[in-house]
Structures are given as structure tokens and as C-alpha cells.
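Before reading on, take a moment to look over the sequence and the 3D structure shown here. The report then moves from the whole protein to a single helix and a single cavity.

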Amino acid sequence: MKMNNGINIPWLTKLFRRLNQTKTFKGLTEQEFSWVLYDVGNSAYTMLSCSLIPIWFKALAIGTGAGKISSDQATAYYAAAISIVTVIVALIGPVCGALADHKDMKKIFFSFTVALGVIGCIINGFTAHWIVFLVIYVIARIAYSASLTFYDSMLNDVTTEERMDEVSSYGYAWGYIGSCIPFLIALIAYVLGPDMVGILSDGVSKAIGCIVTALWWLGVSIPLINNYQQRNYVDSEKSTVSGAFKKIFATFKRIATQDKKVLLFLIAFFLYIDGVGTIIDNCINIGTDLNLDTVGQVVFLLATQVVAFGGSLVFARLSKKHDTAKLILVCIVGYFLVCLYALTLKTLLHFGILAFGVGCFQGSIQSLSRSYYSKIIPAENSGEYFGIYDIFAKGASFLGSAVIAAVKLAGGTINVAVGCLAVFFFFGFIFLKLADRHP
């Protein structure tokens with residue numbers, strides 16, 4: 001793999017070159033392979049954020065010493081921090097995307113956000129005060145989320161329209177498997193370190209987890225940072241923040257009044273991805289409410305990563321012969337049936353079957369949505385459009401979580417709550433059908 005005008009680490013370059021020549025990646029171009037690798041990197045941080053970081057935060061925050069808070073307060077502060085991240089990313093996404101659409105700017109924005117996220121992750125590993133830990137985490141999480149906006153918009157540059165579905169699916173597929181490697185190291189350091197090794201304190205285990213994840217994230221980002229070339233861009237306007245805002249408002253108006261295909265797709269996407277996000281975010285709550293074995297749940301959820309890997313690869317192959325919209329509709333129907341199946345959940349085996357069903361469609365529905373959207377938007381404005389896309393994506397699980405909360409507060413079971421999510425997939429199916437009818 002040729003590394004030009006960027007970070008050059010000989011042994012790492014040699015490793016990536018050999019990977020790119022394996023049977024698994026042989027069909028990918030250098031640009032496509034580099035792009036896929038970043039999904040492997042950022043997914044590792046996603047796993048850490050969804051699992052160990054909340055645990056580390058609570059360990060720092062609760063207790064009896066000065067500045068310590070209760071468990072309920074820690075949960076509230078953490079939830080508020082995630083909400084702040086969501087709002088900030090949703091607001092800055094379109095603006096940064098519009099600025100990055102100018103010539104040679106996308107790589108600069110992407111590299112900066114990756115570097116900021118990696119540094120933040122490392123600092124979190126050495127932070128001993130819960131307030132500082134949470135502030136650094138918010139900054140790192142914002143940088144991570146912003147990098148995904150630029151990353152998704154790069155799809156138009158790294159491959160052709162005919163290969164978008166396949167390449168996007170490869171990203172999610174290898175992201176699921178690749179994220180397990182640094183996560184397992186972090187998990188072993190956290191769970192087994194203090195008992196089996198005897199020398200790893202909670203602080204050292206946290207540092208190991210954050211450093212390994214950060215280095216993994218950075219390492220697999222290097223090929224994309226070095227090899228990416230922005231082929232589609234806007235160079236007729238001066239790149240200013242005020243100009244970006246004007247452009248965004250004009251784009252919103254154009255989508256609402258003229259581009260019905262994009263509008264209908266975004267509505268459909270918001271509905272079904274809300275259902276997807278809600279199921280992912282509440283998977284542990286489902287098992288807990290049913291009084292299922294915690295260890296068994298974690299094992300099934302890790303197995304879901306492997307199933308999602310296989311499912312993404314299957315849909316990648318199907319995308320070569322079948323229409324993207326039809327494949328997304330299949331995924332929506334799959335999730336609709338998963339929600340109905342949730343009405344019968346009682347045992348850990350039932351939970352495992354549910355997790356298997358989710359894994360079959362989890363990566364595919366996200367990767368195909370990303371590639372479908374890439375095909376229907378102007379390539380030269382992909383950064384701006386993916387900023388708008390992220391506004392709808394960041395709303396994922398908002399309405400669905402509200403539905404679950406309402407059902408539970410009304411005295412309903414978690415089975416009924418998850419079953420109600422079928423409504424999101426039903427209407428998402430209808431709006432996607434309507435969107436696909438437009439030229």
C-alpha cells in the first residue's frame with residue numbers, strides 16, 4: 001500500500017499491504033480498503049463507549065469522599081452528557097460538512113477530529129476525577145461523531161456508485177469483528193486483571209483499555225488519512241461559516257420543496273433507524289426486566305457482533321444483484337418480525353434468538369442506508385448532506401425510548417414495549433417505498 005504525504009510507519013504500511021492482498025479484501029481498491037479500515041477503528045471506540053466507559057465513570061463518581069455523588073446522580077449526569085453530545089453534533093454536523101465540501105478540506109477536518117478523539121480517549125485513561133473524565137469524554141465523543149460525518153461523506157470519493165452498497169457493507173461487517181479485538185483486551189484487563197494478575201488496579205486497567213482502543217483507532221485510520229483524495233468538491237464559493245449556514249438553509253429548503261426523494265428517504269430513515277437504535281440501546285434493559293442471567297446476556301450480545309459481521313457480508317453479496325431499496329425493505333421487515341417476536345420473550349434462549357435476529361439485519365440496514373443515501377445526493381455536496389443525514393441519525397432511539405418509557409410507566413411489560421416499536425418499522429417501510437418511486 002502506497003503512503004503519500006502523510007503518516008508513514010513502515011511495518012504498519014507493510015501489514016496493511018498484505019491485508020489488502022488477502023482473499024477477503026482482494027476485490028477492493030486501495031481507496032476502498034483504506035475507507036473500510038476506518039470502520040474497524042471507530043467501531044472499537046463505539047464498543048468501549050457503550051460498555052466500559054459508563055462503568056469507569058460511575059466508579060470515579062460514586063463513593064463517600066469529597067466531590068463524590070450518588071449512583072442516581074451519576075446516571076443522570078452521564079445521560080445529560082450524552083444528550084449534550086447529540087445536540088452539539090447535530091448542530092455542527094451540517095456546518096462542518098458544508099465547509100468540508102470545499103476542495104481538499106475534507107481530509108483536514110477528518111484528520112483533526114480523529115486526532116482529537118484519539119487524544120481524548122488516551123487522556124480519559126489517566127483521568128482520576130469524574131468531572132474531568134466526563135468533560136474529556138464529551139469532547140472525544142463529539143470529535144468521534146464528527147469524524148463519522150466526514151467519513152460517511154467520503155464514500156462518494158472512494159468508490160463508484162455501482163460498488164457503494166458492497167463497500168459500505170464491508171465497512172460495517174469488518175467494523176463489527178475488528179472492534180472485538182481491542183474490546184476483549186480492555187475487558188480482560190478490567191474483569192480478570194485485579195483477580196488473576198493481582199497487580200492491575202482499576203486505574204491501570206482503565207488506562208490499558210483506553211490506550212489500546214485509542215492506538216487501534218489511530219492505527220487503522222492511517223491508510224485513509226494518507227490515501228484519501230477528494231474527487232468531488234465545491235470550489236466556486238468562499239469557505240466561511242456564514243456562507244455555510246446560508247448554504248444549509250438553502251439545501252433544507254430545496255429538499256423540502258424540490259427533492260422529494262431525499263425528503264421521503266430521510267423521513268423513512270428517521271423512523272426505522274429510530275427503531276434500530278432503540279433496540280440496540282435497550283438490549284440489556286430487556287434482559288434485566290425479564291430477570292435473565294447477566295453473563296448469558298453479554299455472551300449473546302458478543303455473539304451478535306459475529307452474526308452482524310456475517311449478515312453484512314451476505315447483504316454485500318446480494319447488493320451486486322439486487323436493488324438497494326429492496327434490500328433495505330427486507331431488513332425493515334426483518335426488524336418488524338423481531339419486534340413481534342419480542343412479545344413472546346421469556347427465557348435466555350428466547351433472548352438469544354432475538355439477538356440473532358437483530359444481528360442478521362443490524363449492520364446491513366445501516367450500511368445499505370448509507371450507500372443508498374450516497375447515491376441520491378449531489379456528490380460534490382456530500383459533506384453537507386451527510387451532516388443533515390446525521391441530524392436524523394442522531395435522533396435514533398429518541399422516540400423509541402420514549403415509547404418504551406411510556407409503556408413501562410403505564411404498567412406494561414418490556415415485551416409489549418419492544419413490540420410497539422414495530423410501528424416505526426411499518427411506517428418506515430411505507431415512506432421508503434414512496435421515496436423509491438421518485439426518480
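The table gathers some values for the protein.

| Property | Value |
|---|---|
| Residues counted as buried | 53% of 439 residues |
| Contacts between residues 24 or more positions apart | 81% of the contacts with a separation of 6 or more |
| Average pLDDT | 84 |

Although 86% of the residues score at least 70 in pLDDT, the value stays under 50 over residues 1-5, for which the model has 19 contacts beyond four places in sequence. Where pLDDT is low, the predicted coordinates should not be read in detail.

Helix α3, which spans residues 52-61, has L52, I53, W56, F57, L60 and A61 among its residues, and these six are buried. They lie on the same side of α3, because they cover an arc of only 165 degrees around the axis. An α-helix has 3.6 residues a turn, so residues three or four places apart point the same way.

The structure also holds one cavity of 30 Å³ or more, and the largest cavity has a volume of about 30 Å³. Its lining is made up of V89, I92, G93, C96, A146 and T149. Both α4 (71-100) and α6 (130-153) supply at least two residues of this lining, with the largest share, four residues, coming from α4.

Technical notes
Residues are numbered from 1 along each chain as its sequence is written. This is a predicted model: local features need pLDDT of at least 70, side-chain atom pairs count only at pLDDT 80 or more; totals for chains, interfaces and linings use all residues. Side-chain values use heavy atoms; hydrogens and water are left out. Buried means under 20% relative accessible area, exposed over 50%, partly exposed in between (1.4 Å probe, protein chains only). Contact means heavy atoms within 4.5 Å. The arc is that of the directions from the helix axis to the C-beta atoms. pLDDT is the predictor's confidence in each residue, from 0 to 100. On a 1 Å grid over the protein atoms alone, a cavity is a set of points where a 1.4 Å probe fits but cannot get out, and a pocket is an open set with protein on both sides within 12 Å along at least five of seven lines; lining residues have an atom within 4 Å of a point. Grid points are joined across faces, edges and corners, and a volume is the space filled by probe spheres set on the points.
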